[in-house]
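Student: I have this one open in the viewer now. Can we go through it together, one topic at a time?

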Amino acid sequence: MTLGKTATLAFLVILAVLLFSAMGALPETTDRMEAGGPTWHILRSAVPDTGAVNLVTAVLFDYRAFDTLGEATVIFTAVAGVVLVFAREAMVLSGKGLSPLAKKSMDILTPFIALLGFYVILFGHISPGGGFQGGVILASWAILVVLIYGIRTEEDVLTGFVKMFLESAGALLFVALGAVALIGGREFLSNLAAGFSPGDVGSVISAGSIPLLNVAIGLKVASGLAMMFVTMSKKDGDS
Amino acid sequence: MQAAYLAVIYLFCLGLYCVVTEKNLIKIAMGFVIMEAGVLLFLVCLASFPDGVPPIVLEGVTSSSMVDPIPHALSLTAIVIGAGTTGYMLSLIIRLYRQAGTVRIDRMGRTEQ
């Protein structure tokens, strides 16, 4: 063990002791939630405020919707960075794909993956899930196609232009839904206050703009992550 | 709850140890991901309490038995940002590997081709 590793270990032991004493001083979760703070308010009035029965989605797409727009921008920035890093790479065939057995299994799996992805996106406001989670499931479809069929087929099925279009459409749909509230003189991204119908609470068509925002985020995350993976799996043009 | 905090500290310190001492860039990226897992576990611990139920309003579930939804929303944000930074980190590593022919930072620059 070198001196550097010993010094690192000593530092980490001190850090661990400090962190543990700090965490021990944190208030108990139940005490914090009784205090009449934001959690107390959300647990009691989120359903009349937003119409969503999944309170995590209510926080994410109503109370903190503006923050979620920023989060979507982070994904966009990451994808833009990855594409920029590989900007000068030529598209070379990377692998001819796996055996016909794997390809046939993929054909059978495709509708189920799509169904699960869309279910998780569209039911995000009434059950666990939402645009981010469902988007990742849909992106996993594109990744599986690259792994099993090779990158050429993936580019044929879902060209770079389509992915770029879907990602931009997701971002613009999100901003447009937020801007609808501005017409009525409400705050950007306000939901029921801007006249979106709360619908029948607990059913699929409810919670005002939240399912639409979920679809926008789902499109964006799915196409963004797929674009990231496909860009990274391209081979070097020279070798 | 104390045991869960110990797991959080262990994961965070393990990741930090990886980041500081490893020479392989892929392992450094793994260290960052392990640190992130520790932070996410901390957020989940902050939200939960014994016998808490998921914060989804159903019949027969009282609001006082639900766990705190705010740290869950924050951890979702953290996961998304983690995925973005990990992807960018890996793409830079791929680029460096093609440039330098190695992913070990102590061997870079010595093996000029």
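Student: Let's start with a tryptophan. Leaving aside its neighbours within four places in sequence, which residues is Trp141(A) in contact with?

Tutor: Bearing in mind that this is a predicted model, Trp141(A) is in contact with Met106(A), Thr110(A), Ile113(A), Val157(A) and Leu158(A), once its neighbours within four places in sequence are left aside.

Student: And which helix is Trp141(A) found in?

Tutor: Trp141(A) belongs to helix α7 of chain A. As for Trp40(A), which lies 101 residues away from Trp141(A) along the chain, the C-alpha atoms of the two are separated by 39 Å.

Student: Switching to the two chains, how many residues does each give to the contact?

Tutor: Chain A contributes 48 residues and chain B contributes 43 residues. The area buried between chain A and chain B is about 3900 Å², and carbon and sulfur atoms give 76% of that area.

Student: Which three residues supply more of the area that chain A buries than any other three?

Tutor: Those are Phe20(A), Met23(A) and Val85(A), which supply 14% of the area that chain A buries against chain B.

Student: How many salt bridges and polar contacts are there between the chains?

Tutor: The count of salt bridges between chain A and chain B is zero, while five residue pairs are in polar contact, with both residues at pLDDT 80 or more.

Student: Which element gives the largest share of the side of chain A that touches chain B?

Tutor: That is α1(A), with ten residues; the elements giving two or more residues to that side also include α5 (65-85), α7 (131-149) and α10 (210-232) of chain A. By residue type, the side of chain A that touches chain B divides into 30 nonpolar, eight polar and ten charged residues.

Notes: Residues numbered from 1 in each chain as written. Chains lettered and ligands numbered in written order. Predicted model: local features only at pLDDT ≥ 70, side-chain atom pairs only at ≥ 80, totals over all residues. Heavy atoms only, no water. Contact = heavy atoms within 4.5 Å. Buried area = accessible area lost by both parts, 1.4 Å probe. Salt bridge = Lys/Arg side-chain N within 4 Å of Asp/Glu carboxyl O. Polar contact = N/O pair within 3.5 Å; in protein donor to acceptor, adjacent residues only side chain to side chain. Helix = DSSP H or I, 4+ residues; strand = E, 2+ residues; numbered from the N terminus. Nonpolar A, V, L, I, M, F, W, Y, C, P; charged D, E, K, R; others polar.
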